[in-house]
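Opening the notebook on this one. I want to look at a pocket first and then at a couple of helices.

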Amino acid sequence: MKQVYLKRGKEESLIRFHPWVFSGALHHLDEGIEEGDVVRVVNEQGRFITVGHYQQGSIAVRVLSFNDIAIDNVFWMSRLQSALTMRQTLGLADSINTNAYRLVHGEGDHLPGLIIDVYHKTAVIQAHSIGMHRSRIAIAESLVAVMGQRIENIYYKSETTLPYMEPENGFLYGGSEENVAMENGLQFYVDWLRGQKTGFFVDQRENRALLEHYAKGRRVLNMFCYTGGFSFYAMRGGAQLVHSVDSSEKAIELTRRNVNLNFPGDPRHEAFCEDAFKFLDAQVSTAVATSQLSVLNSQLPYDLIILDPPAFAKHRGALHNALKGYTRLNNKVFEKIAKGGILFTFSCSQVVTKDHFRNAVFTAAAQAKRKVRILHQLHQPADHPINIYHPEGEYLKGLVLYVE
């Protein structure tokens with residue numbers, strides 16, 4: 001196994017079990033190392049520190065183990081079994097009411113660069129590093145061995161996460177096109193072929209369940225609805241009406257299908273393909289009056305709104321503009337939401353901390369001159385674990401607010 005040599009004193013973070021080696025810490029490499037190779041990381045005296053996948057860029061090595069071991073089928077099966085055991089502990093892996101969950105969450109499961117989501121009998125693998133891409137066959141074989149009868153298909157989907165490599169999406173095992181999964185007793189279609197991420201955002205499962213408890217009798221606006229997860233939870237919770245908004249026509253089409261799958265022919269739901277800011281700039285009465293729910297008082301604003309936008313900042317250089325975007329978006333909602341309304345607002349940008357996000361929402365509330373109280377502080381669920389030595393893994397943050 002080829003070796004990567006660190007500069008003097010650059011092993012401290014690794015001794016504290018941080019799973020990344022940054023390029024600035026490297027002194028030199030053995031000749032012939034290619035992207036995706038498994039390498040040993042050693043200090044300047046040649047003492048072993050860790051083993052991981054090498055890649056070009058600011059993160060030079062993603063750590064696979066702090067023990068000097070071979071990265072073989074035994075390794076993959078051990079890591080995947082550990083991930084499965086934890087999901088069994090959570091009551092997810094063999095649940096009757098939920099068959100959609102995250103099995104592997106990158107650094108949180110000591111497999112940096114690897115995501116595996118399970119949708120009923122299909123596991124969707126997504127690589128975020130060249131090393132994981134090159135290991136995909138070994139990972140799939142080990143996954144079949146570990147999961148047994150729990151899965152019948154494995155789909156590989158990394159075109160969007162490794163676009164410069166142009167990896168080919170497709171089935172590594174099985175090939176069924178059955179794509180209906182279940183979450184807390186509600187069904188939904190998963191578009192793992194063309195959809196965002198692995199096809200559905202399983203990280204909002206617990207937050208959707210919380211929203212259901214607030215939905216009874218309320219007029220709900222689900223912004224950035226994607227495939228409608230919050231929308232059909234709101235409907236089961238007894239919402240008076242639900243409007244779903246997304247700029248993607250494909251997302252809106254799948255939202256309608258998902259709502260109809262759970263509530264066929266229910267007139268309470270209407271979906272709009274529109275830019276979020278344009279929709280919020282328009283008069284709320286216009287949105288209601290153009291729907292089939294015009295029998296309702298068209299002057300009533302929404303009193304339960306969900307803001308779950310895509311990441312506004314994917315790198316630290318975009319942080320300032322992202323915070324301005326979160327402030328602007330939340331400000332518009334504070335201007336629209338009814339007195340006594342409830343706002344579920346989120347950020348999934350990893351570089352935006354909880355304090356950053358909370359300050360942006362605070363600024364928006366102050367600008368709108370609304371009295372706002374925090375009811376809940378939300379985060380990613382337990383099947384998206386955070387490695388205690390890798391705080392960067394805490395990416396999802398949210399607030400539930402009561403607005404007077």
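Predicted model: local features only at pLDDT ≥ 70, side-chain atom pairs only at ≥ 80, totals over all residues.

I sorted the lining of the second largest pocket by residue class and got 7 nonpolar, 5 polar and 6 charged.

Next I looked up the volume: the second largest pocket holds about 450 Å³ of space. Its lining has 18 residues, and those closest to the centre are Asp-191, Arg-194, Gly-195, Leu-254 and Arg-257.

Which helix gives the most to that lining? I found that H7, residues 249-262, does, with 5 residues.

Moved on to H6, residues 229-236. I counted 7 of its 8 residues as buried, so the rest of the structure largely encloses this helix. My list of the buried ones reads Gly-229, Phe-230, Ser-231, Phe-232, Tyr-233, Ala-234 and Met-235. Just past H6, I noted Gly-238 with a positive phi of about 95°.

Then H4, residues 136-147. I checked its length: with 12 residues at 1.5 Å a residue, the helix should span 16 Å, and the end C-alpha atoms are 16 Å apart, so the two agree.

Which residues of H4 are buried? I have Ala-138, Ile-139, Ala-140, Ser-142, Leu-143, Val-146 and Met-147 down as buried. A reminder to myself for reading that list: an α-helix has 3.6 residues a turn, so residues three or four places apart point the same way.

Terms used
Residues numbered from 1 in each chain as written. Heavy atoms only, no water. Helix = DSSP H or I, 4+ residues; strand = E, 2+ residues; numbered from the N terminus. Expected span 1.5 Å × (residues − 1). Buried < 20%, exposed > 50% of the residue type's maximum accessible area, 1.4 Å probe, protein only. 1 Å grid on protein atoms, 1.4 Å probe; cavity = no way out; pocket = protein on both sides within 12 Å on 5 of 7 lines; lining within 4 Å. Points joined across faces, edges and corners; volume = space filled by probe spheres on them. Nonpolar A, V, L, I, M, F, W, Y, C, P; charged D, E, K, R; others polar.
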